[in-house]
Amino acid sequence: MEKHSIALIGFMGTGKTVVGKNLANQLDKDYKFIETDEIIEEMAGKSIPEIFKEDGEIRFRELEIAACKKVSQLKNVIVSCGGGVVLNKINIDYIKRDFHIVLLTATPEEILKRIMKEGEKKRPLLDKPDPMEEIKILLKFRSSFYGAHAVFTVDTTGKSIDEIVSEIIIKIGI
Ligand code: S3P
């Protein structure tokens with residue numbers, strides 16, 4: 001069966017949201033852009049930092065699984081997946097049937113720069129005394145998870161949004 005949607009996976013700060021929005025605009029107007037984090041916030045009735053603080057990461061991951069299930073039932077969507085979706089195989093199992101899975105990457109330095117622009121408070125896992133150290137630890141732990149699920153990988157370091165979007169369109173062939 002032809003896959004009808006695209007899922008962007010990758011570490012925090014690799015550009016999934018901004019690239020996803022631009023991709024949805026460029027492809028055609030029938031593509032809707034969504035984020036798993038947005039669905040989670042709607043389900044919980046609070047922000048991601050609040051969920052982590054009040055309910056803990058385990059609760060967040062449970063909501064993330066529910067969000068991936070929801071997403072898997074949609075058609076013609078571009079979804080930006082939270083950086084940790086790869087940690088639970090069931091998330092990928094939900095998504096991979098109908099979605100092209102594209103991995104975005106960036107260097108730790110570039111990731112830190114982008115995260116700091118938005119403020120580390122938005123990313124509870126990096127809201128630590130040494131965010132660079134956390135980025136390196138998490139990237140090391142997660143690298144095999146990201147690599148295992150991507151069909152295409154696009155390095156975003158030093159590239160414009162337009163360049164990244166074109167690369168994805170060419171690689172997927174849509
Ligand atoms: C997380 C990434 C975040 C968000 C949450 C946890 C992670 O999403 O889901 O803070 O574990 O990598 P983004 O990758 O969109 O920042």
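Tyr31 is buried, with a relative accessible area of 18%, where buried means under 20% relative accessible area, exposed over 50% and partly exposed in between, for a 1.4 Å probe and protein chains only. This residue sits in the loop between α1 (16–27) and β2 (32–35); helices (H or I, at least four residues) and strands (E, at least two) are DSSP runs, numbered from the N terminus. Apart from its neighbours within four places in sequence, Tyr31 is in contact with His4, Ala24, Asn76, Val77 and Ile78, contact meaning heavy atoms within 4.5 Å.

The model is a predicted one, in which local features need pLDDT of at least 70 and side-chain atom pairs count only at pLDDT 80 or more, whereas totals for chains, interfaces and linings use all residues. Residues are numbered from 1 along each chain as its sequence is written, and side-chain values use heavy atoms, with hydrogens and water left out.

Helix α4 (residues 57–72) has 16 residues and should span 22 Å at 1.5 Å a residue, which agrees with the 22 Å between its end C-alpha atoms; the expected span is 1.5 Å times one less than the number of residues. Its buried residues are Phe60, Arg61, Leu63, Glu64, Ala67, Cys68, Val71 and Ser72.

In helix α5 (residues 89–96), Asn91, Ile92 and Ile95 are buried. They lie on the same side of α5 because they cover an arc of only 95 degrees around the axis, the arc being that of the directions from the helix axis to the C-beta atoms. The buried residues of α5 pack against β1 (5–9), α4, β4 (99–105) and α7 (131–149).

For α7, the 19 residues should span 27 Å at 1.5 Å a residue, and the end C-alpha atoms are 26 Å apart, which agrees.

Finally, the structure holds 0 disulfides, a disulfide being a pair of cysteine sulfur atoms within 2.5 Å. Cys68 is in no disulfide, and the nearest cysteine sulfur, that of Cys81, is 5.6 Å away. Cys68 is buried at a relative accessible area of 0%, and Cys81 also counts as buried, at 1% relative accessibility.
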